[in-house]
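My notes follow the order in which I checked things.

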Amino acid sequence: MSSSVPFTVPPVAGEVSDAVVKVLDSGWITTGPQTAAFEQEFADHLGAAHVVAVASCTTALELCLRALDLPPGSAVLTPSLTFCGAINAILHAGHRPVLVDIDEDTLVPSPETVKAAAGRAAPAAMIVQNQGGYPVDVAALAEAAGLDRTRVVEDAAHGPGAARGGRNVGAESFAACFSFYATKNLPIGEGGAVASSDREFADRVRAMRMHGMSKDSWKRYLPGGSWRYDVKRVGLKANMTDVQAAIGRAQLAALPGWQERRAEIAARYDAALRDLPGLVLPQRNLAGIRHAWHLYQVRVPDRDAISGELEAAGVATSVHFIPANQMTAYQEILGAEECARVPVTDRVGEELLSLPMYPGLTDDGVDRVVAALTEALRTRTRD
């Protein structure tokens, strides 16, 4: 049956349509002035020194790894509880993923699990992920890995709206990668960005997003521009278009209000679900933490059956994520021994269930989710 409460519905700001039409009427629709304006506005929103807009968060991760100039085949630490794009980015950049287990409360690696992985791999770099909107402690994980922070790439696909120690995720990062996919907190449809505190690194990424060319099309065709350019390092085709950027600018203005609604929904879930037997709620309310609430991830027994019962009751759910070590391609690449290094991920991964979470979700919708989940869990208790 169709879901009465969908898992997500991307919000669209009222100004989006006019913004897109203006770009289409401008005569310039690829990377140009709108992209530059979006980069500056997103940097101001984060409090970051530099932002480079790109095609996706996955390409952002790969560009950052390439821009680090690591030796070919370098070991790169990554949580196994992650989207496959992060693993692919490491492989496409020519490096070797080394899987890191998680802390079962936060669903992100701990200094202990990072230290264990680093002890067997001598990593050259690390990807850390802000799982579900929970901001990781980058400094602590970098220290545990024995890495300078300039060798840490933050997967902030779930990060807009999150903060640690009073600073937004990405504000002080050497390399933080954001996603603007349709389901994300700042939805454009597709797109991503790299935030960096380092101008030289940002400039390398900026050039590499356009094949490594020294000048993009907009600069070449400005009055007084020249068709001449150089390629000083090999890059990718990974730029954002002005159509996407115009959507992003309109959406960015609405983001604070959307984040407030996400926090309200999380609080409503908390109040209604905290006493249910067999249910583990998301970690939050730690000192100095602001959760972005991209996801509301609970842990339940017999997850697949409960997900099916919720679907039958008209409530759509999802899972974030199927651990990378359980994927056929990565098992073949990494081998059985490496894939067995993350037992907590394997155990917790079988319990995770993401409930509907999006700004347009009404209180009535939340209550319907709660009622369906409550019935599914209580049925198991009675049995």
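This is a predicted model: local features need pLDDT of at least 70, side-chain atom pairs count only at pLDDT 80 or more; totals for chains, interfaces and linings use all residues.

Helix α3 covers residues 57-67 and helix α4 covers residues 84-92. I read an angle of about 35° between them, with the axes 8 Å apart.

Next I asked which residues of α3 and α4 meet. On the α3 side I listed T58, L61, E62, L65 and R66. On the α4 side I listed G85, A86, A89, I90 and H92. Sorted by class, this contact holds 5 nonpolar, 3 polar and 2 charged residues.

I then turned to the sheet. I found an open sheet of 7 strands, with mixed pairing. I noted the strand order as β1-β9-β8-β5-β4-β2-β3. At the edges are β1 (50-54) and β3 (96-100), each of which pairs on one side only. From one strand to the next, the twist averages 25°.

Strand β2, residues 75-79, pairs with β3 in the parallel sense, over 5 bridges. I found L77 opposite V98 in β3.

Last, I looked up which helices lie across the strands. Helix α2 (residues 33-46) lies across β1, β8 (176-179) and β9 (192-196), and I noted its direction as about 130° to β1. Helix α6 (residues 138-145) lies across β2, β4 (125-129) and β5 (152-155). For α6 I wrote down about 145° to β4.

Terms used:
Residues are numbered from 1 along each chain as its sequence is written. Side-chain values use heavy atoms; hydrogens and water are left out. Axes are lines fitted to C-alpha atoms, for helices over the stretch in contact, and angles run from 0 to 180 degrees between N-to-C directions. Helices (H or I, at least four residues) and strands (E, at least two) are DSSP runs, numbered from the N terminus. Contact means heavy atoms within 4.5 Å. Ala, Val, Leu, Ile, Met, Phe, Trp, Tyr, Cys and Pro count as nonpolar, Asp, Glu, Lys and Arg as charged, and the others, Gly among them, as polar. Two strands pair if DSSP finds at least two bridges between them.
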